[in-house]
Amino acid sequence: MLTAGRVQAVEVELDRLTKRFGETAAVYGLSLSVGRGEFFTLLGPSGCGKTTTLRMVAGLVEPDEGRVLFDGRDVTRLPPWDRNLGMVFQNYALWPHMTVFDNVAFGLVERRVPRHEIRRRVGEVLEKVGLAGLEGRFPSQLSGGQQQRVALARALVVRPALLLLDEPFSNLDAKLRVQMRAELSRLQRELGITTLYVTHDQEEALVLSDRLAVLESGRLVQAGSPRDLYENPREVFVADFLGGANLLPGVVVRSGSGEVEIQVGPVRLAVPAEGEAAPGQPVWVSVRPEHLVPSAEEAGGLRGTVLSTDYLGWTLQAEVAVADGPRVQVRGLDPAVPLRPGQAVSLRIRPEKVRVFPRRG
Ligand SMILES: Nc1ncnc2c1ncn2[C@@H]1O[C@H](COP(=O)(O)OP(=O)(O)O)[C@@H](O)[C@H]1O
Ligand SMILES: [Mg+2]
């Protein structure tokens, strides 16, 4: 029962899923597993294959290769209605001619649940999503946030074993998005429902997920906890997409004994690293904006000029043109030097926070 709490959550496994549209593979050899009750996110830029993956899990798109398993059972050929799913999409897809009550009740009516039971369950779920009292409204009489709550209620009322959400909040304004995010997170934990969430918004993915997978061009790049991916990206793409790392071209000078020495412009950095790298090897040095520390111009740092600044309240962000180097983002609230356009600065790189990736060419 919904109020009594938890649903029969499933474990989901994707086994080398591939889907092609014509020549191009929208999803290629994608394998991952989502634990019982886990909140798992597929994150990546537009066109990377998130929706196609979700639709294969839902049974709305048939994979060319690979399997979808629920609790170890192969469901690849099962139609959506036999998969016990709840789905929420970006455009709420409510029936405009039906009231909130009827929209939410629809799945139960289809399943021939007795009338009094339907009334009780719809009441319960509307309470849960904060819509009690609005049963008689039509979708056109609701705000975007309320409509999306109806869509969520409609997905949850059938007590699915798996909840699938495809960019559900991207049509809402920023403040409402943050609020809905918190509500979804609370509901998901309360119900213990396995959740597969799709977004291109890295902040949303970091906030909501137990684990997430970063996709690029239909392939899995890296999966892990938000902290793991943010702190230990294994590829430039992840470092860049998650948190917008600065990428500085560098060259290996020396390596060994758990350290690699790298020349970045005029700066030499000793970075903790496993393994060996050949001297002369070109690398990308990935540094988060919060790990570049600006000071007045002096020796020892990357010299540059502030191009622009953005005051965000909780932090100050500046774009700095590094002399003979790229433009970088710098972040921090109380820099030792006033950050104003035109200001000359020296950027110290915090070496313990740096990640190094091979650079070709
Ligand atoms: N029905 C379709 N027919 C042809 N190409 C498609 C279809 N659906 C998706 N694609 C293509 O597959 C790729 C992945 O799309 P999609 O899964 O929607 O990505 P995302 O949700 O990450 O933005 C894109 O290049 C897209 O153009
Ligand atoms: Mg999509």
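Let's start at V104, which in this predicted model touches V122, V125, L126, V150, A153, R154 and V157, leaving aside residues up to four places away in sequence. V104 sits in helix α2 (residues 100–110), where the buried residues are V100, N103, V104, A105 and L108. If you look at what covers these buried residues of α2, you will find α3 (115–128) and α4 among the elements. Just after α2 comes R112, with a positive phi of about 55 degrees.

Now widen the view. V104 belongs to the largest nonpolar core, a set of 89 residues. Along with V104, the residues with the most contacts inside this core are A153, L164, L196, V214, I262 and V285. Helix α4 (residues 144–156) supplies the largest share of the core, 6 residues.

Our next stop is a sheet. Here 5 strands form an open, antiparallel arrangement in the order β15-β19-β16-β17-β18. At the edges stand β15 (292–295) and β18 (327–331); each has a single partner strand, so one side of each is left without a neighbour in the sheet. From one strand to the next, the twist averages 45 degrees.

For a closer look inside the sheet, follow strand β16 (residues 302–311) and strand β17 (residues 316–322), which pair in the antiparallel sense over 7 bridges.

Technical notes:
Residues are numbered from 1 along each chain as its sequence is written. Chains are lettered from A and ligands numbered from 1 in the order in which they are written. This is a predicted model: local features need pLDDT of at least 70, side-chain atom pairs count only at pLDDT 80 or more; totals for chains, interfaces and linings use all residues. A nonpolar core is a set of buried Ala, Val, Leu, Ile, Met, Phe, Trp, Tyr and Cys residues joined through C-beta atoms within 7 Å. A residue is buried if 20 or more other C-beta atoms lie within 10 Å of its own, exposed if 12 or fewer, and partly exposed in between; C-beta atoms are placed from the backbone. Helices (H or I, at least four residues) and strands (E, at least two) are DSSP runs, numbered from the N terminus. Two residues are in contact if their C-beta atoms, placed from the backbone, lie within 7 Å. Two strands pair if DSSP finds at least two bridges between them. Axes are lines fitted to C-alpha atoms, for helices over the stretch in contact, and angles run from 0 to 180 degrees between N-to-C directions.
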